[in-house]
Amino acid sequence: MPETVMDKLVSLAKRRGFVFQSSEIYGGLGSVWDYGPLGVELKKNIKERWWRSMVHEREDIEGLDAAILMHPRVWEASGHIAGFTDPLVDCKQCKNRFRADDPRIKGTPGQPDAQCPVCGTKGSLTVARQFNLMFKTFMGPLEEAAAVVYLRPETAQGIYVNYLNVLQSSRQKIPFGIAQIGKAFRNEITPGNFIFRTREFEQMEMQFFVKPGTEVEWFEFWRGERMKWLQGLGIRPEKLRWHQHGQDELAHYAKDAYDIEYEFPFGWQEFEGVHNRTDFDLSNHQRASGKKLEYLDPATNERFLPYVVETSAGADRTALVVLCDAYREEEVEGEKRVVLQFKPSLAPLKAAVFPLVNKDGMPELARRIYDGLRGEFNVFYDDGGSIGRRYRRQDEAGTPFGITVDGQSTQDQTVTVRDRDTLKQERVGAGQLAAYLKAKLAG
Ligand code: ATP
């Protein structure tokens, strides 16, 4: 089979230290991935950018970091125990399991005409049954039903149960929001496509609490903000589109929902959602906990349960969008070049410093430049192999600038700076490099 773009991206991600399979030396763990030195920087840059725009740049949003483990009654009240399920079918012949809505299945599972997409047997698929996606574990030393706790399948519930704590301690007034970045876990039936659908992942979620009756307006506002933010990551606008959920697609908590989709190499798929969750979650928690979660409007003395507009993004899926969008294969002077054209502010490494050759004072000067930049920028020092090979390694890492110390540098303290995308080189004074990089990395 020919190598697909995804195959190439997965192998580049491993080769350059973006993403490794979890527990690879033991054969890997299904759909769990580890971020290597460059991957952790890329994901951190995305998360920091999200946090800055959601929390630091807005007066009306507060941050939160709730625990992964929560009281099991949270998941009863939120509807996840009853409703966070996917329809599962088994093949009695080859024992594989599928989501009943897997597009590869021909016919209706449970009927004689239905065909297993793996072994091809007809009539071997069971009738669909509901499979809960939450991971269970036990709290304390006894493995008994009373000790069951769940790994959260979304970060949102940690926000709802803390909404009054945050409101009171921060002295916010409605409308206001709470933002959180954290791990979530889903025992997906058919995970796949690299870091697109995994069993452990990170979400960047913001719940915006508004007065009932104003939620549609806020919903539209947040749709606009999220699209602007994504375009600010440098993602090509023609690769992004909205998809409104039809009645049959809406999650159990949502009244209206829009996905933001990206055209991945495997097709258009969701990676972020904006949801109108009404007062579904707060009213359920109010009922189940017996605690009043109403807001008292100081201006009008009105009491009401706020409505919630949620923006929910996966940090890993966003990282995959950024990786896919940056990936280019080009021909440069008759040679193939693979390059990740990240927006410079998102790139894991901002610059690499190279002595042209390892003699004549060049390594010493290059080291001094590297040491001077290191405190402020994530930079890399490389003196191994030909300069062309070193450039190509950094192209694959997506490093926007290559700083080369050559024979002239030791004479006049200037270096060449190579631009990853245009391949143009300019001479810059060694003392001006920090200011040069800062200007280029803005935005
Ligand atoms: P899907 O339909 O792909 O399963 P979803 O509609 O269940 O996703 P939400 O519950 O809205 O997703 O979750 C919000 C975001 O969390 C998604 O847009 C995605 O970026 C991320 N996400 C959800 N499930 C996964 C997963 N299994 N792996 C990686 N990211 C995920």
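Okay, quick definition before anything else: two strands pair if DSSP finds at least two bridges between them. Helices (H or I, at least four residues) and strands (E, at least two) are DSSP runs, numbered from the N terminus.

Now, what you're looking at is a predicted model, where local features need pLDDT of at least 70, side-chain atom pairs count only at pLDDT 80 or more, and totals for chains, interfaces and linings use all residues. Residues are numbered from 1 along each chain as its sequence is written, and side-chain values use heavy atoms, with hydrogens and water left out.

Let's start with the seven-stranded sheet. It's open, with mixed pairing, and the order goes β3-β9-β10-β16-β13-β12-β11. Since β3 (61-64) and β11 (240-244) sit at the edges with a single partner strand each, one side of each has no neighbour in the sheet.

Which strand does β11 pair with? That's β12, residues 256-264, running antiparallel to β11 and joined by five bridges. Find His243 and you'll see Asp259 of β12 opposite.

Next up, β4, residues 85-90. This strand pairs antiparallel with β6 (residues 129-132) over four bridges, and Pro87 has Gln130 in β6 as its bridge partner. β4 also pairs antiparallel with β5 (residues 97-99), this time over three bridges; there, Leu88 is opposite Arg99. β4 and β5 make a hairpin with six residues between them, and Lys95 in the turn has a positive phi of about 70°.

Last stop, α11, residues 387-397. Its buried residues (under 20% relative accessible area, 1.4 Å probe, protein chains only) include Arg390, Tyr391 and Asp395. Just after α11 comes Gly398, with a positive phi of about 80°.

Definitions and conventions. Buried means under 20% relative accessible area, exposed over 50%, partly exposed in between (1.4 Å probe, protein chains only).
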